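Subject: Structure handover

Hi,

Here is the structure I promised you. Please open it first, then read my notes below.

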Amino acid sequence: MSVNLRSVFAFAKEYHQKKESQKDIQYGTAGFRSHADNLDYVMYRMGVLAALRSRAQASQAIGVMITASHNPEHDNGVKLIDPHGEMLEQRWEQLATDLVNVPDADLEAQVAKICADEAIDNNEPARVFVGMDTRYHSPQLSRAVVNGILALKGTVTEFGIVTTPMLHYFVTCTNTQGAYGVPTEEGYMGKLIAAFKTLRGESNERGNYLNQLFYDGANGVGSLKMLGFVKKLNGALNVRVFNSNGKINFKCGADFVKTNHRVPEGLPVEALVGGRCCSVDGDADRVVYYFTDPDTGVFHLLDGDRIATLLAGYLKDLIEQCGVQLEMGLVQTAYANGASTDYIVNGMKIPVSCTRTGVKHLHHRALDYDIGVYFEANGHGTIIYSEKAKQAIRAASNDDSRTEEQRQTATRLLNFIDLTNETVGDAISDMLLVETVLHAKGWNLRDWQASYTDLPNLLEKVYLADRNVITVTDADRVVVTPEGLQDAINEIVAKFPNGRSFVRPSGTEDIVRVYAEADTRPNAVQLAFEVANLVYDRAGGVGARPVKMEC
């Protein structure tokens, strides 16, 4: 096989031109995202880069996912998936940014530079998997990706419409020669459902747990795939799917629920009077739970912090019951509610690490533990089990010197591992894990919420002319520039009991996110309002000035 790099430039010039007027963009927390109209050349070049990455990784399969996750319907995006299902190596994020931003005339030379710097042999095979979400422009953008792969004579496997976690799963299964599972949609669903049904046992209801879940699919791919799951679950979990055919993420989905602290549109009346509800996002890699108190009408959110504590507490109990000595830790970001961190450290006695925002950072830190549980507050997360942990648990399940109860508990742990998509946060896998734990404990959502009391908190957006004017350090908790902004934030925070606030630039759009928490809802609202306006004034705010949210 011989690759002519000139063909990469020629094809781009003919079909996937980069206009001189198009601004430079950055490979952010989860790849490139922008208005769909601006992404054709980006997709083509990411197809090229994926083929190069495969060759740089000994011809292992690399994934390219076309999605904008929780962004509005008019947006789209792309991210690369590395051989073990993890996010693209950070050093290659810069290569991606450089490749996307060069003029067409320099494209051939840029590709040649990557090949030289990374010692890539273009005579070796390249294998790339491509998936997309349900946005109407995804098929067209997928074609641009495929053209980029083919320009470098790579081999393409197109999976069509899949959730982002499914593509991560397919990549991992393929590169582990099937040890992780079968790299097909049937294989993915079959593995999760078999583990779930085994853990569920014969009884679908227990204690306060009722076999009824209301599922908001964000009008995205997560709703389509859940409809398939419902048929195969065959009543083991009664899931009613809503928001499956409207505008993606519009007034629904996990980000809407988390940001606005209210139920999405599209749910039936019976879901709003104490029903157990969950929402996923547009590509089904994050999930949050919630319910409305039937007596008071008050909305209650159980977000990623709650999911992390629920799963970690259950795992700790199982590990202790089967007598295996393993180190477990929980990884959070600055967005984690302060009450959750206190509960984990002082109540559950589990060590906590804090990292920068972005699951790629949490994932890497979680690898430091035998069992690492990580979740962002937005509901994006998973559990990673080291090979040491799997071997120890497997050995315990077959150890005749242990009691029958210990062996059965170890077997339950093995099924819990199979129910976990370790490659990335997976809304469907995480939902089934939550349902498993609630069922085992006989809990409803009110019981779950009672484990600790959250500090009231808000998340605001401030639109800026350039988000890069704000730089941060200390796991995104401290502002470095503009100079003096952090001191001003500290002065505001000091006015509120249990006050905490930080700001960080978005990884995908020109906004700054402002997080605030305090002892009461009105204080949290006021704190967020004051910090948001401070950022607007000191960092070049554009558009409407931030307004105070309702209490």
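Are Asp133 and Arg135 buried or exposed? Asp133 is buried, and Arg135 is buried too. Their side chains meet in a salt bridge, at 2.8 Å from N to O. Keep in mind that this is a predicted model.

I looked at how domain 2 meets domain 3. Twelve residues from domain 2 and eleven residues from domain 3 make the contact.

The size of an interface is often given as the accessible area lost when the parts come together. Between domain 2 and domain 3, the buried area is about 1200 Å². Carbon and sulfur atoms give 61% of it. On the domain 2 side, Leu192, Leu199 and Arg286 lose the most area to domain 3. Together they account for 42% of what that side buries.

There are zero salt bridges between domain 2 and domain 3. Two residue pairs are in polar contact there. On the side of domain 2 that touches domain 3, α7 (185-200) and β9 (287-292) each supply at least two residues. α7 gives the most, with seven residues. That side holds seven nonpolar residues, one polar and four charged.

**Salt bridges**

Side chains of opposite charge can pair when their charged atoms come close. The whole structure has 31 salt bridges. Here are two more of them.

Lys251 and Glu265 meet through their side chains, at 3.8 Å from N to O. Lys251 lies in the loop between β7 (239-242) and α9 (254-260), and Glu265 in the loop between α9 and β8 (277-280), so the pair ties together parts 14 residues apart in sequence. Lys251 is partly exposed, at 35% relative accessible area. Glu265 is partly exposed as well, at 42%.

Asp476 forms a salt bridge with Arg504, with the closest N and O atoms 3.5 Å apart. Asp476 sits in the loop between β16 (471-473) and β17 (478-481), while Arg504 is in strand β18 (residues 500-505), 28 residues apart. Asp476 counts as buried because its relative accessibility is 5%, under the 20% cut-off. Arg504 is buried too, at 8%.

**One buried glutamine**

Gln332 lies in strand β11 (residues 328-333). At 3% relative accessibility, Gln332 is buried. Its side chain makes a polar contact with the side chain of Thr341, at 2.7 Å. Beyond its sequence neighbours within four places, Gln332 touches residues including Asp305, Val352 and Phe375.

Best wishes

Technical notes. Residues are numbered from 1 along each chain as its sequence is written. This is a predicted model: local features need pLDDT of at least 70, side-chain atom pairs count only at pLDDT 80 or more; totals for chains, interfaces and linings use all residues. Side-chain values use heavy atoms; hydrogens and water are left out. Contact means heavy atoms within 4.5 Å. Buried area is the accessible area (1.4 Å probe) that two parts lose on being put together, summed over both. A salt bridge is a side-chain nitrogen of Lys or Arg within 4 Å of a carboxyl oxygen of Asp or Glu. A polar contact is a pair of N or O atoms within 3.5 Å; within protein, one must be able to donate a hydrogen and the other to accept it, and residues adjacent in sequence count only if both atoms are side-chain atoms. Helices (H or I, at least four residues) and strands (E, at least two) are DSSP runs, numbered from the N terminus. Ala, Val, Leu, Ile, Met, Phe, Trp, Tyr, Cys and Pro count as nonpolar, Asp, Glu, Lys and Arg as charged, and the others, Gly among them, as polar. Buried means under 20% relative accessible area, exposed over 50%, partly exposed in between (1.4 Å probe, protein chains only).
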